[in-house]
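Me: I would like a close look at a single part of this model, treated carefully and with the cut-offs stated.

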Amino acid sequence: MINVLLSVDIQWDKVGIVLGLIAGIAIVLAVAILIVTKVCHITEDEKVLKVIEHLAGANCGGCGYSGCEGFAKGLCSGKACLNDCKVTSNEEKAKIAEIAHLEFSAESPTVAVVRCNGGDAAKNKFDYIGNQDCVSEMLFHGGQKLCTTACLGLGSCTKVCPQGAIKVIDNKAVVDPSICTSCGNCIKTCPRVCIERIPATAPVYVACHSHCKGKEVMGQCSNGCIACGLCAKNCPQHAIEMVDNLPVIDYSKCTGCKTCVAKCPKHVIKVHGEILTLEKSKAVDKANQKN
């Protein structure tokens, strides 16, 4: 057996050619990989990574971008405005402004409120049967509520709130200010445009958005603002002004005395967070009764 192997004539020149070809192919592939890696490799901008570190990380989309990473890239490229993010604190925004070389002026924290006092008290022009969300209902003759600014109460806003800060109570949406981050998703989603931001420190807010006169309002909703002006007349700080049949509160003057709340005959001016506080109390009472 050994003699047979020794007698085989190995053609070393051909072996060398084959090895050379293999080595050549390996070198070509290695160079190609290096080129592709160089061309296709996406280097993450260090500035973007630093900005992401200081964002709140909610990924809520309220800024108009798909998430915090997209917003950070927008900031660093000069396409986004820092104050479009309502979740990140002013302290962190100041750091981001320094990193991304942006101008920044601190804003007071805000929360969302639903400017509607209707719910079950808002009259319907027809009975809606269809997909149970406000956006779908709005497509059918502008929704069932006679008042064109009334909350439709089907909870499209609750579905887009990343914090679960909105509940539908008595067929109208209510925001829990202790949870709301003011991302703005509910504001963009509401087809009746009855959700807006107010200062987080605001003690009261106007829960109506109709600019109709009193008689017309009462024909649409028994809980609507009738533009009587008692809130403005009785405010000791003159913090309320009637504008286009609705009270407008100047929060820089408001001291939270709640005189307006007491004087409003339709209970349109609400104590901030009071409705949910009452609902939580009811839930506790029910739980205690069961026990």
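Which exposed residues does the face of helix 5 turned away from its buried side carry?

Reply: This is a predicted model, in which local features need pLDDT of at least 70 and side-chain atom pairs count only at pLDDT 80 or more, while totals for chains, interfaces and linings use all residues. Residues are numbered from 1 along each chain as its sequence is written, and side-chain values use heavy atoms, with hydrogens and water left out.

The face of helix 5 turned away from its buried side carries the exposed residues Glu 91 and Glu 98. Here buried means under 20% relative accessible area, exposed means over 50%, and partly exposed lies in between, with a 1.4 Å probe and protein chains only. Helices, like strands, are DSSP runs numbered from the N terminus, a helix being H or I with at least four residues and a strand being E with at least two.

Helix 5 spans residues 90–100, and its buried residues are Lys 93, Ile 96, Ala 97, Ile 99 and Ala 100. Seen down the axis of helix 5, these buried residues fall within an arc of 165°, so they line one face of the helix; the arc is that of the directions from the helix axis to the C-beta atoms. The cover over the buried residues of helix 5 includes helix 3 (46–54) and helix 4 (68–76), where contact means heavy atoms within 4.5 Å.

Glu 92 is partly exposed because its relative accessible area is 22%, and Lys 95 is partly exposed because its value is 40%.

Glu 107 forms a salt bridge with Lys 86, the closest N and O atoms being 3.1 Å apart. This pair links distant parts of the chain, with Glu 107 in the loop between helix 5 and strand 1 (110–114) and Lys 86 in the loop between helix 4 and helix 5, 21 residues apart. Glu 107 counts as partly exposed because its relative accessibility is 32%, and Lys 86 counts as partly exposed at 26%. Just after helix 5, His 101 takes a positive phi of about 55°.

Methods. Salt bridge = Lys/Arg side-chain N within 4 Å of Asp/Glu carboxyl O.
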